[in-house]
Amino acid sequence: MFGSTKKFHFVIGLLLTANFAMTQNSKINTIQYASFDTYPVYLNGDLGVNYTSNKTTVKLWSPNVEEARINLYKQGNDGEAIATKSLDYDAKTGVWQIVLDGNYHNTYYTLQVKNKGNWSKEMPDPYAKGVGVNGNRGLIFDSKLTNPSNWNTDKQPELKSVSDIILYEAHVRDFSIDPSSGIKNKGKFLGLTEKNTKNSFGEATGLAHLQELGITHLHLLPVFDYKSIDETSLDKNQYNWGYDPQNYNSLEGSYSTNPFDGLVRMQEYKQMVMALHEAKIRLVMDVVYNHTSSTDIFDQLVPGYYYRSWPDGKRSDATACGNEFASDRIMARQFMLESLKYWVKEYHVDGFRFDLMAVHDIETMNTISAALKEIDPTIFLYGEGWTAGNSPLPIEKRALKNNAKKLNDISVFSDDIRDGVKGHWSNVTEKGFVSGNPNYKEVIQFGIVASTNHPQIKYDSKRGYAQFPYSDSPTKVIGYVSCHDNNTLYDKLKIANPKATEKELVQMDKLANTIILTSQSIPFLHMGVEMKRTKMGVENSYKSPDSINKIDWNWKHENKELVQYYENLIVLRNNHPAFKMTSEKMIQEHLEFLTINDFLLVGYTLKNNANGDKWKNIRVYFNGDEKEAKQTLDGTWKIVCDGEIINQNGIETIKNQSITIPGRSAVILYQE
């Protein structure tokens, strides 16, 4: 960051050696480092609070400050400190440390450092694993006392193959806050534990609905402690998605039944994890290491180190949120690594989705992948392969979608298939393939083969999509058409097709996610898409009220045929490995596109028992035109999807005849 000559570093080295004896294990640090690169590093994995019933050790890595102290409190907010103690400094490691003798379980604390003669604000340490209300004080606690009675027997659901994954994105509050959910603990972690809940028509809601639907992984929007919600005033019905991190290793208090007791959120989150696992659903945590809600989180205690800057000293902002995490610095990388390992080990989390993953460097992401796979080989990692602005991190080092081949066991979202199916995200009135845009046929085909290299795809470096095959494995790409960002699928279709009838909108909806769930990528569904979820046309609802964001579980009754279609579509994918091929080579050998001179009709065959499928050949058609299309078939075929319904046992058998593909519909057939 701050350049210096070799001679200068040599002089600094002599000074460090000369001063080492007098500064090691002292309460004052007199060493000032010329650059972040010269800071000592500490990779022992025990920064923060380490509790035992006999003593608690607190460690803070901050090599460039003069003093450090801890303030102890009886409660998570209000009240004066019951004690203030100085920390000792080890110049060799850059770590400040104190040992508190005795049992400090359920004691709150803050840390402060003196920098250039001034004391910082009181803050939890960056590694704080528990916090009080609003996250302003850390919590010392015995983690065993937060475990449900049978936590040690918690068992994650079986996952035979990564290709079996079906992701479903939800928000804790949206999931249960509406009265129609029939859920008692509305907007809470515990809302996801309740069984056999019903809507006004007696139909399954909540956890039971997820089981009916057949997903494998529930992706929850951020549940770590975030800043925008005032946990002392939850009666005000505040709302936020949670992409404003405050304490990365602690849980959000507004999702607990008592945010004033730092232990309650941990207990209830673990209950939620267990309930999901018992329901055969794995949990994905949405993590936002790319930026923080304010720079105080790191800057108050470790000034400057954890954020990237341009050569002129100005903070970089590839996140469009005011700051950018410096993942390529060794201790920043270590922070991410230790944080993720903690969530896996302490809370049994089964996967992570990385927000603006391309802000992070490839080396860091691959280091994380290797470490987490060592703990749990079935853990699933994926993220957004883009940034929201420029960064000092060189493009070739970023965890970009276009660098997917450099990422090890990490998947990237496909904005190609997303925009090709429904129209470009930034032009809300643009139509996509499913509503008659003839410019996206090759993008759809590119998405079907999960952005891998296929001999029938025409790649063109001059166009925005399908420029080149950036993936080398179908499991490294996430296929989706909607998520929390931008309009819901239903709203986008309605805005782009203002004259369409409800029936036509449903046809487009079905076609959109039929493309996703029969493509070779890992499918991702936005919660409520199966029941025409609407946010009333609000595109960026991150702080909109419940009236915009909530799931109205009575939508399930109003759209029961659509819900049934989604359930059957997921069963079709689950039962047929041909839709879940595991390698680029397998796709090249078994997926053949039909030559069709129609920009709104895609057809392909999954041939020769692809991936060991019991069906010898599967024929898939996608018709994006409002008009029906006809195709001639040789041999005997059974129709399992006719655009309206899906029946695994076959709807109709046809032989040597033409078939009609209804407008805005998918048709799927097979030969035994």
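Of the 672 residues in the protein, 62% are buried. The model is predicted, and its secondary structure comprises 15 helices and 27 strands. The radius of gyration is 27 Å, close to the 26 Å that the globule rule gives for 672 residues, so the protein is as compact as a globular protein of that length.

**Overall dimensions and surface**

- The C-alpha trace spans about 90 × 60 × 45 Å along the principal axes of the protein.
- The accessible surface amounts to about 25,500 Å², and carbon and sulfur atoms contribute 47% of this area.
- Among contacts with a separation of 6 or more, 72% are between residues 24 or more positions apart.

- The structure holds 31 salt bridges.
- Asp286, Arg353, Asp355 and Glu384 are joined in a network of salt bridges.

**Salt bridge Arg308–Asp328**

- Arg308 and Asp328 form a salt bridge in which the closest N and O atoms are 3.1 Å apart.
- Both residues lie in the loop between helix H5 (296-299) and helix H6 (330-347), and the pair links distant parts of the chain, 20 residues apart.
- Arg308 is buried, with a relative accessible area of 4%, whereas Asp328 is partly exposed at 36% relative accessibility.

**Salt bridge Lys401–Asp415**

- Lys401 pairs with Asp415 in a salt bridge, with 2.8 Å between the closest N and O atoms.

**Salt bridge Glu592–Lys607**

- The side chains of Glu592 and Lys607 form a salt bridge with an N to O distance of 3.0 Å.
- Glu592 is part of strand S20 (residues 591-593) and Lys607 is in the loop between strand S21 (601-606) and strand S22 (617-623), so this pair ties together parts that are 15 residues apart in sequence.
- Glu592 is partly exposed, with a relative accessible area of 36%, and Lys607 likewise counts as partly exposed, at 23% relative accessibility.

Note on methods
Residues are numbered from 1 along each chain as its sequence is written. This is a predicted model: local features need pLDDT of at least 70, side-chain atom pairs count only at pLDDT 80 or more; totals for chains, interfaces and linings use all residues. Side-chain values use heavy atoms; hydrogens and water are left out. Helices (H or I, at least four residues) and strands (E, at least two) are DSSP runs, numbered from the N terminus. The radius of gyration is taken over C-alpha atoms; the globule rule is 2.2 Å times the number of residues to the power 0.38. Buried means under 20% relative accessible area, exposed over 50%, partly exposed in between (1.4 Å probe, protein chains only). Contact means heavy atoms within 4.5 Å. Accessible areas come from the Shrake-Rupley method with a 1.4 Å probe; for residues, only the protein chains shown count as cover. A salt bridge is a side-chain nitrogen of Lys or Arg within 4 Å of a carboxyl oxygen of Asp or Glu.
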